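Hi,

Here is the structure I promised to pass on. Have a look at it first, and then read my notes below.

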Amino acid sequence: MSFNEGLEVLLIHLEHEFTNKLLLEQALTHSSSDLNYNNERLEFLGDRVLGLVIAKMLLDEYPLDNEGDIGRRFSQLVMGDTLTNIGYRIELNKFIILKGVKVNNSIMADTMEAIIAALYLDGGFPVVKKFIYKFWEPLVKTLGIPPQDSKTALQELSQSKGAGIPIYTEVTREGPDHEPIFTVMVNVPRLGNSTAKGNNKQSAEQKAAHNLLFELGVSHDNKTH
């Protein structure tokens, strides 16, 4: 099966025939394949489009939830693991254009965001909303209130003790541009500090917060990713 023939399988999942085929190609192109023509800018847009649709979906589905509960549901629905799982469901891994690297969860999640942006730019809001509702609405309807994330738990703890807001600092960034490893330190005056690594800043910050909570002897049931 050629790439173009196989692409029809992806288009069936997307339920959209692209007017601008180059837009779809760009959404599938990882920076390892082309440093100038790739999907990084589309990732940025797709993240915002997904966030808007999911936020409205949650407000409609859970009209009695407070902001904190909505926020925790939202974080779980837009996290990398959720994007990755849906990416595999639509067989996106078969079509990502890259060079010298293999598809991993981070690349899959980023490409999903780029695909969402491409749907929005080519078909408009109704098209991308239909796609997001198709795959995310079942999750929204069955989602329990997830555990509080580590950064929020640490901030609430530090403020309750009059220690202010935790400060996160990027210590190092290692590895190639397309697959970096971040080391982040979190510091809370009078409570201490801790460091952790992650394949993006958000992940490293969550792990650092989780580690500091553990060092402080605070029970916390959130799993870091």
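Let's start with a question: is Phe-135 buried or exposed? Phe-135 is buried, because its relative accessible area is 5% and anything under 20% counts as buried. Keep in mind that this is a predicted model.

Phe-131 is buried too, with a relative accessible area of 2%. These two residues form an aromatic pair, and the count for the structure comes to 1 such pair. The ring centres of Phe-131 and Phe-135 are 5.2 Å apart, and their planes make an angle of 55 degrees, so the pair is classed as tilted. Both residues sit in helix α7 (residues 125-142), and because they are 4 residues apart there, about one helical turn separates them.

Next, the helix packing. Helix α5 (residues 80-89) packs against helix α6 (residues 105-123) at an angle of about 80 degrees, with 8 Å between the axes. That angle makes α5 roughly perpendicular to α6. On the α5 side, the contact includes Leu-83, Ile-86 and Tyr-88, while Met-108, Ala-109 and Met-112 are among the residues that α6 brings. Sorted by class, this contact has 6 nonpolar, 4 polar and 1 charged residues.

Last, the strands. β2 (residues 181-188) and β3 (residues 192-198) run antiparallel and are joined by 7 bridges.

Cheers

Conventions: Residues numbered from 1 in each chain as written. Predicted model: local features only at pLDDT ≥ 70, side-chain atom pairs only at ≥ 80, totals over all residues. Heavy atoms only, no water. Pairing = 2+ DSSP bridges. Helix = DSSP H or I, 4+ residues; strand = E, 2+ residues; numbered from the N terminus. Axes fitted to C-alpha atoms, helices over the stretch in contact; angles between N-to-C directions. Parallel < 35°, antiparallel > 145°, perpendicular 65-115°, else oblique. Contact = heavy atoms within 4.5 Å. Nonpolar A, V, L, I, M, F, W, Y, C, P; charged D, E, K, R; others polar. Phe/Tyr/Trp six-rings, centres within 6.5 Å; stacked < 30°, edge-to-face > 60°. Buried < 20%, exposed > 50% of the residue type's maximum accessible area, 1.4 Å probe, protein only.
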